[in-house]
Amino acid sequence: MVKFFTKEEGDRIVETIRIAELNTSGEIRVHLEVGCRNRTFEDAVKIFNKLGMKETKQRNGILFLIVPERREFSIYGDVGIHNNVPEGYWAEVIEHVQYKFRAEEFVDGICDGVAMVGDKLKEYFPYKNNDKNELSNEISYG
């Protein structure tokens, strides 16, 4: 397993995901992958599918892929959310997270990004009484 975050940092990210998902049916995952050979976004699409994230009922999953050895990340949103957000939305989130990554504030960057997409998910996919958590909130590793 990749050791990029301390246990406390990982717990903070998982808690941020949990809070972000309280008011939405959307699903957010954070995944760390070593040895990515492609552009980070291309790998994010592959890993999104590998993790079964396209199987959510409303196709509203969002993946934050982190490549620790390159200090890079990518964000991939499924068609349900991607087709709803305004043009330039993803660039706004990426710009903010990149700013934090450049300052080596990796946990703050991911937590801020998760909170930002959680707010957008809440706008388009508000929580309903019968919603269930379709995907784990835990950080996954590859």
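The model is a predicted one.

**Two helix pairs**

Let's start with helix α5, residues 106–124, and its partner α4, residues 89–102. The table sets out how each pair is arranged.

| Helix pair | Packing angle | Distance between axes |
|---|---|---|
| α4 and α5 | about 160° | 7 Å |
| α1 and α5 | about 10° | 9 Å |

What do these angles tell us? An angle over 145 degrees counts as roughly antiparallel, so α4 and α5 are roughly antiparallel to each other. An angle under 35 degrees counts as roughly parallel, and α1 and α5 are therefore roughly parallel to each other. The crossing of α4 with α5 is right-handed.

**Who touches whom**

On the α4 side, the residues that meet α5 include Tyr-89, Trp-90, Val-93, Val-97 and Phe-101. Their counterparts in α5 include Phe-106, Ile-110, Met-116 and Val-117. Sorted by class, the contact of α4 with α5 has nine nonpolar, three polar and five charged residues.

Now turn to α1 and α5. Here α1 contributes Glu-9, Arg-12, Ile-13, Thr-16, Ile-17 and Ala-20, while the α5 residues include Val-107, Ile-110, Cys-111 and Val-114. This contact of α1 with α5 divides into eight nonpolar, two polar and three charged residues.

**Inside the nonpolar cores**

The largest nonpolar core has 30 residues. Which of them touch the most other members? They are Phe-5, Ile-13, Val-30, Phe-64, Ile-66 and Ile-110. Helix α5 gives the largest share, seven residues.

Setting aside its neighbours within four places in sequence, Ile-110 is in contact with Ile-13, Val-30, Phe-64, Ile-66, Val-97 and Phe-101. Another core, of 10 residues, lies apart from the largest one, and among its members are Cys-36, Ala-44, Met-53 and Leu-63.

**A look at Glu-15**

Is Glu-15 buried, exposed or partly exposed? This residue of helix α1 has 33% relative accessibility, so Glu-15 counts as partly exposed. Between Glu-15 and Ile-94 there are 79 residues of separation in sequence, and their C-alpha atoms are 21 Å apart in space.

Note on methods:
Residues numbered from 1 in each chain as written. Predicted model: local features only at pLDDT ≥ 70, side-chain atom pairs only at ≥ 80, totals over all residues. Heavy atoms only, no water. Axes fitted to C-alpha atoms, helices over the stretch in contact; angles between N-to-C directions. Helix = DSSP H or I, 4+ residues; strand = E, 2+ residues; numbered from the N terminus. Parallel < 35°, antiparallel > 145°, perpendicular 65-115°, else oblique. Left-handed = near helix turned anticlockwise from the far one by under 90°. Contact = heavy atoms within 4.5 Å. Nonpolar A, V, L, I, M, F, W, Y, C, P; charged D, E, K, R; others polar. Core = buried A, V, L, I, M, F, W, Y, C linked by side-chain atoms within 4.5 Å. Buried < 20%, exposed > 50% of the residue type's maximum accessible area, 1.4 Å probe, protein only.
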